[in-house]
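Please have the structure open as you read.

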Amino acid sequence: MKKCALINDLSGFGKCSLGVGIPIISVLGTEAHPMPTAVLSAQTGYDSYEKIDLTDSMQPFFSHWEKMNVSFDGILTGYFSAEKQIDAVLEFVKNTDALLLVDPVMGDSGERYKGFSDSLCIKIKELALQADIVTPNITELYLLTGETDITKGAQILLDSGIKTVVVTGIKQHGQIGNAVFEKGKCRTFFSDYSEGSFSGTGDIFASVIMGKLLAGSDVFSAVETAGDFISLVIRNSNAVNRNDGIDFEKFLYRLGVDEYET
Ligand code: PXL
């Protein structure tokens, strides 16, 4: 089977990060290998949370993976809480030809998440510039490029050498779009929009894209599937608190690969 390293936190509540990445990559037919950046009682959007930081474990964990002689087809990164974590990842990705998808988790709805200092955002940008694909929302695109114009912001990232830029959460005419930019190409895929913004949708989006790409899809159909999946799940979720996340579990089977022999 193909292998994907998932570098992200594990949050007890808030259905996000590894909590969504592992099942989604798995249901799409790839082995998920988690490298936790932190363990939290709940994601940071809640009023309070407890956190165990795993910064100092990451480099030894990567070294151990190297000793095990494992190699990865994909590497998906998400939430980081310290610059040193990203230094460990930069070292790890140096010696791999895996597909690198960096979800530059920094903020949403015009605001940075708690704890995202200027220096952490600069380090996240350094990692993003090594990626094959990045999936910023509009807030993160601005934090990466200083641009509020989506096309101009995406172009800056393409010009820095990133092959594919997927800008998420573009609201237009009552729909929500995700725009794929590659050199000389731009296609936006719209899905039905339900009011609100929910924990973990960015993580679900990036995980579906990685899983679909490793299963052989092109990036355009991967983005279309990811957007339609999130739209379907939100319409069928009963979220009272945005921090709780959405009920992706009920629809995981829709992503499933059904071509295996029984
Ligand atoms: O879904 C993004 C995310 C991931 N991990 C943690 C977070 C957030 C957003 O707030 O707090 C811990």
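Let's begin with Cys16, which is buried, with a relative accessible area of 6%. Here buried means under 20% relative accessible area, exposed means over 50%, and partly exposed lies in between (1.4 Å probe, protein chains only). This is a predicted model, in which local features need pLDDT of at least 70 and side-chain atom pairs count only at pLDDT 80 or more, while totals for chains, interfaces and linings use all residues. Residues are numbered from 1 along each chain as its sequence is written, and side-chain values use heavy atoms, with hydrogens and water left out.

How many disulfides does the structure hold? The count is zero, a disulfide being a pair of cysteine sulfur atoms within 2.5 Å. For Cys16, the nearest cysteine sulfur belongs to Cys4 and is 17 Å away.

| Residue | Relative accessible area | Class |
|---|---|---|
| Cys16 | 6% | buried |
| Ala32 | 18% | buried |
| Val39 | 32% | partly exposed |
| Cys186 | 44% | partly exposed |

Together with Leu10 and Ile52, Val39 makes a nonpolar surface patch of about 240 Å². Such a patch joins nonpolar side chains (Val, Leu, Ile, Met, Phe, Trp, Tyr) within 5 Å, from residues with over 30% relative accessible area and no salt bridge (a side-chain nitrogen of Lys or Arg within 4 Å of a carboxyl oxygen of Asp or Glu).

Now for the spaces inside. The structure holds one cavity of 30 Å³ or more, and the largest cavity has a volume of about 70 Å³. A cavity is a set of points on a 1 Å grid where a 1.4 Å probe fits but cannot get out, and lining residues have an atom within 4 Å of a point. Its lining includes Leu6, Ser17, Leu76 and Asp203. Helix α7 gives the most to that lining, with three residues.

The largest pocket holds about 1,100 Å³ of space; a pocket is an open set with protein on both sides within 12 Å along at least five of seven lines. Among its 46 lining residues, Asp108, Tyr113, Ser197, Phe198 and Thr201 are the closest to its centre.

Notes:
Patches are made of residues with over 30% relative accessible area and no salt bridge: like charges are joined within 9 Å, nonpolar side chains (Val, Leu, Ile, Met, Phe, Trp, Tyr) within 5 Å. Accessible areas come from the Shrake-Rupley method with a 1.4 Å probe; for residues, only the protein chains shown count as cover. Grid points are joined across faces, edges and corners, and a volume is the space filled by probe spheres set on the points. Helices (H or I, at least four residues) and strands (E, at least two) are DSSP runs, numbered from the N terminus.
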